Amino acid sequence: MRQLSQKFTFLFPAVFWLMFFFVIPLTIIFVYSFFERGIYGGIEYVFSFNNYYRVIDPLYLKAVLRTVYIASLNTLICLIIGYPLAYFISNQSQRKKNILLFLVTLPFWTNFLVRIYAWMIILRTEGFLNNVLLWMNLINKPFEILFTDKAVLIGMVYGYLPFMILPLYASIEKLDRNYLDAARDLGATPIKTFWRVIIPLTKPGIIAGSILVFVPSLGAFIIPDLLGGAKSMMIGNLIKDQFLSARDWPFGSALSFIVMAVVLILLMIYLRFGQTVSEKLYSNK
């Protein structure tokens, strides 16, 4: 009994924090999602599923589909860029590994909002990128990148690339190089070794990195707000506008729970496949 009391004493701060700042707010938002907006904002306590039906309205469905498209494309680009970088880092000496990993995490030392404002300066019509391209005579007139989906994608790749590199590096670092030697001894070409040996053995890192990039991309609203403007509405902006501008808390709550459902499904996929593969690969090491 005394041991149980001691365990409860140690767990109480964490349980209290989760209940007060996570479970209770989520419960309130969940309940709000089944009510309706008042005439002048606020909540009308009338039970309804209309907030969830409104998501398939073409006006909002377009934002949802754009969000899934940009988040998926961002994840793919981060994987294409991040995998070679992670593989390169894993093949360096320990001293160089530490330096390169430090450089990967270095952007986190600066406020995320400040970094996105810096990209606005770089991508605007009179910005650094266009001035350099004009000076090099590579273009005749400035590109209009800012306030487009391209600018949003650039900002997302920049912001979330470290979340792809780090789990990939951790997975590649655990890779048993004897498998690569065995593949070469059996006559496998570098391309076949990559696709038939390296990719399957680093699958847990690929799954983890993809989830870590895709999930925050779904709920992103700062990058689309600043780099995309009004032309690039994503579901994160839609949720923010429902709570702060339209004062439609029930619909904003419903959108939030739809995003949360997608996140939970992705986490279940990772727990089902990612950890299972990881345990099979590394249980005997």
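A nonpolar core is a set of buried Ala, Val, Leu, Ile, Met, Phe, Trp, Tyr and Cys residues joined through side-chain atoms within 4.5 Å. Buried here means under 20% relative accessible area. In this predicted model, the largest such core has 39 residues. Tyr83, Met156, Ile223 and Leu227 have the most contacts inside it. Several helices give two or more residues to this core, among them α3 (58-90), α4 (94-105), α5 (112-123) and α7 (149-173). The largest share, twelve residues, comes from α7.

The surroundings of Tyr83 were then examined. Neighbours within four places in sequence were left aside. Tyrosine 83 is in contact with Cys78, Leu168, Ile172, Phe194, Ile198, Ile199, Thr202 and Ile206. A further core lies apart from the largest one. This other core has eleven residues, including Val55, Ala63, Leu238 and Phe251.

The chain as a whole has 13 helices and two strands. Its C-alpha atoms fill a box of roughly 75 × 75 × 35 Å along the principal axes. Of its 285 residues, 37% count as buried. Among contacts with a separation of 6 or more, 68% come from residues 24 or more positions apart.

The chain exposes about 17,900 Å². Carbon and sulfur atoms supply 70% of that area. The chain carries 25 positive and 14 negative charges.

Methods: Residues numbered from 1 in each chain as written. Predicted model: local features only at pLDDT ≥ 70, side-chain atom pairs only at ≥ 80, totals over all residues. Heavy atoms only, no water. Helix = DSSP H or I, 4+ residues; strand = E, 2+ residues; numbered from the N terminus. Buried < 20%, exposed > 50% of the residue type's maximum accessible area, 1.4 Å probe, protein only. Contact = heavy atoms within 4.5 Å. Areas by Shrake-Rupley, 256 points an atom, 1.4 Å probe, with all protein chains shown as cover. Lys, Arg positive; Asp, Glu negative; His and termini not counted. Charge placed at Lys NZ, Arg CZ, Asp CG, Glu CD.
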